[in-house]
Amino acid sequence: MAKQRFVIRLHRITRQELDLVARKQGHLTPTFISLAIEDICTSLDPHTYELHPDSEVFQLKRGNKRKGTTKINADRQMSVYLSDHAYGTVSTVVDILKRDVD
């Protein structure tokens, strides 16, 4: 059965840093992120997940590309493929955050 996927877009600086780490380990960045999420989800309790207080720092902005308008700091989107267990865990965390944080 095919793995499920999330389509994500990272801040350019975050993407650059993850590119470096992923290459050192011999992976493409989306694969590296998938492996990291799979590893975290083996022991993560979605109900105890908390946002870091500085999480607002990297809120991505997409805007008009004309000079003098909103700066575009989001990188290209990428697909992250996850097992059913990891996908369900991430979905649960997102649902809780939507309900309690947003």
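Arg15, Leu18, Asp19, Val21 and Ala22 of helix α1 are in contact with Thr29, Phe32 and Ile33 of helix α2, where contact means heavy atoms within 4.5 Å. By class, five of these residues are nonpolar, one is polar and two are charged. This is a predicted model, in which local features need pLDDT of at least 70, side-chain atom pairs count only at pLDDT 80 or more, and totals for chains, interfaces and linings use all residues. Residues are numbered from 1 along each chain as its sequence is written, and side-chain values use heavy atoms, with hydrogens and water left out.

Helix α1 covers residues 12–24 and helix α2 residues 29–41; they pack at an angle of about 85°, with axes 9 Å apart. The axes are lines fitted to C-alpha atoms over the stretch in contact, and angles run from 0 to 180 degrees between N-to-C directions. The angle makes α1 roughly perpendicular to α2, a label for 65 to 115 degrees.

The protein has three helices and two strands, in the order β-α-α-β-α from the N terminus. Helices (H or I, at least four residues) and strands (E, at least two) are DSSP runs.

Which residues of α2 are buried? They are Thr29, Phe32, Ile33, Ser34, Glu38 and Cys41, buried being under 20% relative accessible area with a 1.4 Å probe, protein chains only. These buried residues pack against β1 (4–11), α1, β2 (74–82) and α3 (84–100).

In the protein, buried residues make up 24% of the 102 residues. Among contacts between residues at least 6 apart in sequence, 74% join residues at least 24 apart.

Key: Angles under 35 degrees count as roughly parallel, over 145 as roughly antiparallel, 65 to 115 as roughly perpendicular and the rest as oblique. Ala, Val, Leu, Ile, Met, Phe, Trp, Tyr, Cys and Pro count as nonpolar, Asp, Glu, Lys and Arg as charged, and the others, Gly among them, as polar. Buried means under 20% relative accessible area, exposed over 50%, partly exposed in between (1.4 Å probe, protein chains only).
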